[in-house]
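Welcome! Let us take a friendly walk through a protein model, from the whole chain down to a single side chain. Have a look at the sequence and the picture, then read on.

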Amino acid sequence: MNVISLAIWTLEKNCFIVYTALIVCFIAFTLFHKNKLEVYYREAAKKEKLARTGTSGRAVRDFPDNGDDDPDFLISAIPEDTAQIPYKPQKRSDDEILRRSREYYELMAERRTVRSFSPEPIPQEVLDNLIKTAGTSPSGAHTEPWTFVVVQDPETKAAIRSIVEEEEELNYNKRMSRQWVTDLKPFATKPVKPYLSDAPALVLVFRQTHSWRADGKKRMHYYSEISTAIAAGILLAAIQYCGLVALTSTPLNCNARLRDLLSRPVNERLELLLPVGRPHEDTTVPDLQRKMLDDILVRV
């Protein structure tokens, strides 16, 4: 009897013992690793708690001090002696407030994202006023963490389109999930983006992660993401108010290349790319319905 035959004979004669041993080993292995996982998660939770509260139990700052910040030389984002001036906006009656709220809602309810633009140019003063309006947005500690790059030069627009289409080809085919691509089908979006060269102006919204003080030290920007997002919302409202249209394009994986193309510093990150102009005469949009008020409003 060879070794293989002997092993098979032994297993057949002692199968109950063998299976029992395997089950015991499996249970022991499971319990051992379960205990290790529980210890790991307890330690992870403990570390997270310490990271948030510190060893003394006090809350850690969301924006910690820089190591070289001398308390005697800290400078506020705006002068500490900035004057306080009276703020007295025009007082309106309840009826007028109601009327204006309805009018503004009706105006904004007509806003739609379009993907087909007329090449008709936009007056420069209009573009300047749009950006000035976006610049009225609130920001953390009044740091105004945004830069708006307005591109009208045809060659630069063509270069932007080339970069975006190259990255979008990869996004649609490799980077984006199949569900994401499927969800975009009703909007007929594709890697090809003709509106980037057709629209008379492109507004690229950059978020400044920080800036620099006059003394060369870093100037912190607080809540730069939400501040820039609010500014972009005000910009979209201004575009709608003056009778133009836009496309809220998010240039996925294009930040570094477009930043280099436009000679923007490394502390700026591209958040939105907005083609702006008049709609093409043959423009169509999906027949969509927005959520009802009761679906988005909670009264307390």
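## The chain as a whole

The chain has 10 helices and 6 strands. Here helices (H or I, at least four residues) and strands (E, at least two) are DSSP runs, numbered from the N terminus. The model is a predicted one, in which local features need pLDDT of at least 70 and side-chain atom pairs count only at pLDDT 80 or more, while totals for chains, interfaces and linings use all residues. Residues are numbered from 1 along each chain as its sequence is written, and side-chain values use heavy atoms, with hydrogens and water left out.

How much of the chain is buried? Of its 300 residues, 26% count as buried. Buried means under 20% relative accessible area, exposed means over 50%, and partly exposed lies in between (1.4 Å probe, protein chains only). The accessible surface of the chain comes to about 21800 Å², and 57% of that belongs to carbon and sulfur atoms. Such areas come from the Shrake-Rupley method with a 1.4 Å probe; for residues, only the protein chains shown count as cover.

Next, contacts, meaning heavy atoms within 4.5 Å. Among contacts in the chain with a separation of 6 or more, 78% are made by residues 24 or more positions apart.

## An open sheet

Four strands form an open sheet in the order β1-β2-β6-β5, with antiparallel pairing. Strands β1 (146–151) and β5 (245–246) stand at the edges with a single partner strand each, so one side of each has no neighbour in the sheet. Two strands count as paired if DSSP finds at least two bridges between them. In general, strands of a sheet pair through backbone hydrogen bonds, either parallel or antiparallel.

Now follow β6 (residues 268–277). Antiparallel to β2, it is joined to that strand by 8 bridges, and it pairs with β5 in the antiparallel sense over 2 bridges. V276 of β6 is the bridge partner of A201 and also of A246, while V245 stands opposite G277. Strand β6 is mostly covered, with 8 of its 10 residues buried.

## Helices against the sheet

Helix α8 (residues 224–241) lies across β1, β2 (201–208), β5 and β6, and runs at about 160° to β2. For that angle, axes are lines fitted to C-alpha atoms, for helices over the stretch in contact, and angles run from 0 to 180 degrees between N-to-C directions.

Which residues of α4 (residues 124–134) are buried? They include L127, L130 and A134. These three are on the same side of α4, because they cover an arc of only 60° around the axis; the arc is that of the directions from the helix axis to the C-beta atoms. On the other side of α4, E125 and K132 are exposed. The buried residues of α4 pack against β1, β2 and α8.

## A closer look at F148

F148 lies in strand β1. Its relative accessible area is 16%, so F148 is buried. Leaving aside residues up to four places away in sequence, F148 touches I131, A134, V203, L204, V205, A231 and L235. F148 and L270 are 122 residues apart in sequence and 9.7 Å apart in space, C-alpha to C-alpha.

## Cysteines

How many disulfides does the structure hold? There are 0, where a disulfide is a pair of cysteine sulfur atoms within 2.5 Å. C242 counts as partly exposed because its relative accessibility is 39%, whereas C254, at 1%, counts as buried.
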